Amino acid sequence: PQKLKVMSAYDNVLKGKLKIKKKELGATGKFAKKKKKAQKAAEEEAEKIRQEEEESMDEDEVERMNRDPKYRHMTKSEYKFEMHRKKRERKEMKKMAKTSHRERIKEFNEKLDKLPQHFDLPKVALTIG
């Protein structure tokens with residue numbers, strides 16, 4: 001009569017240091033190889049599908065799909081408005097970067113000097129009597 005060996009849940013556990021890229025975990029060779037052929041085939045298939053979808057879409061949808069993902073939900077006019085706003089913002093930032101703080105203060109003071117003085121509060125003389 002042979003003894004039946006009772007399998008423990010921990011019989012298949014690897015002991016010692018973690019060896020993620022070694023043979024013990026089923027990799028072939030010294031290190032685990034990546035499957036490049038399958039990945040390339042999947043990318044080519046995805047590209048074919050994308051091209052077929054582009055052909056079936058009208059021009060606006062194709063343009064929308066080629067945009068940055070955070071702008072894809074926008075309509076054509078919203079996207080155009082946003083791009084112009086960003087362009088104006090960049091232009092304004094360049095203008096601000098050209099002048100120093102001191103120059104901006106000087107320009108602001110000159111602008112205030114050109115304003116009419118009738119908006120100032122008149123001085124009030126203190127009379128006790």
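Q: Is Glu82 buried or exposed?
A: Glu82 is buried, with a relative accessible area of 15%. Buried means under 20% relative accessible area, exposed means over 50%, and partly exposed lies in between, using a 1.4 Å probe and protein chains only.

Q: Before we go on, what sort of model is this?
A: This is a predicted model, in which local features need pLDDT of at least 70 and side-chain atom pairs count only at pLDDT 80 or more, while totals for chains, interfaces and linings use all residues. Residues are numbered from 1 along each chain as its sequence is written, and side-chain values use heavy atoms, leaving out hydrogens and water.

Q: OK, back to Glu82. Which residue does it form a salt bridge with?
A: Arg85, with the closest N and O atoms 2.5 Å apart. A salt bridge here is a side-chain nitrogen of Lys or Arg within 4 Å of a carboxyl oxygen of Asp or Glu.

Q: Why can side chains like that pair?
A: Side chains of opposite charge can pair when their charged atoms come close.

Q: And how far apart in helix α3 are Glu82 and Arg85?
A: They are three residues apart in helix α3, so about one helical turn separates them. Helices are DSSP runs of H or I with at least four residues, strands are runs of E with at least two, and both are numbered from the N terminus.

Q: What else is linked to Glu82 and Arg85 in the network of salt bridges?
A: Glu89 is; Glu82, Arg85 and Glu89 are linked in a network of salt bridges. The side chains of Glu89 and Arg85 meet at 3.1 Å, N to O. Arg85 is partly exposed at 29%, and Glu89 is partly exposed at 44%.

Q: How many salt bridges are there by this rule?
A: Three. One of them joins Arg50 and Glu47 at 2.9 Å, N to O. These two are three residues apart in helix α1 (residues 36-56), so about one helical turn lies between them. Arg50 is partly exposed at 37% relative accessibility, as is Glu47 at 32%.

Q: Change of topic: where is Arg67?
A: Arg67 lies in the loop between α2 (59-66) and α3 (76-98). With 6% relative accessibility, Arg67 counts as buried.

Q: Which backbone oxygen does its side chain reach at 3.3 Å?
A: The side chain of Arg67 reaches the backbone oxygen of Tyr71. A polar atom of that side chain also lies 3.0 Å from the backbone oxygen of Met74.

Q: Which ring does Arg67 lie over?
A: Arg67 lies over the face of Tyr79, 4.1 Å from the ring centre. The rule is that NZ of Lys or CZ of Arg is within 6 Å of the ring centre and within 35 degrees of the ring normal.

Q: How many aromatic pairs are there by the rule used here?
A: One. Tyr71 and Tyr79 are edge-to-face, 5.8 Å centre to centre with 65° between the planes. Rings of Phe, Tyr and Trp (its six-membered ring) pair if their centres lie within 6.5 Å; planes under 30 degrees apart are stacked, over 60 edge-to-face, and the rest tilted. Tyr71 is buried, with a relative accessible area of 9%.

Q: Last one: how many helices and strands does the protein chain have?
A: Four helices and zero strands, in the pattern α-α-α-α along the sequence. Of the chain's 129 residues, 5% count as buried.

Terms used
Polar contact = N/O pair within 3.5 Å; in protein donor to acceptor, adjacent residues only side chain to side chain.
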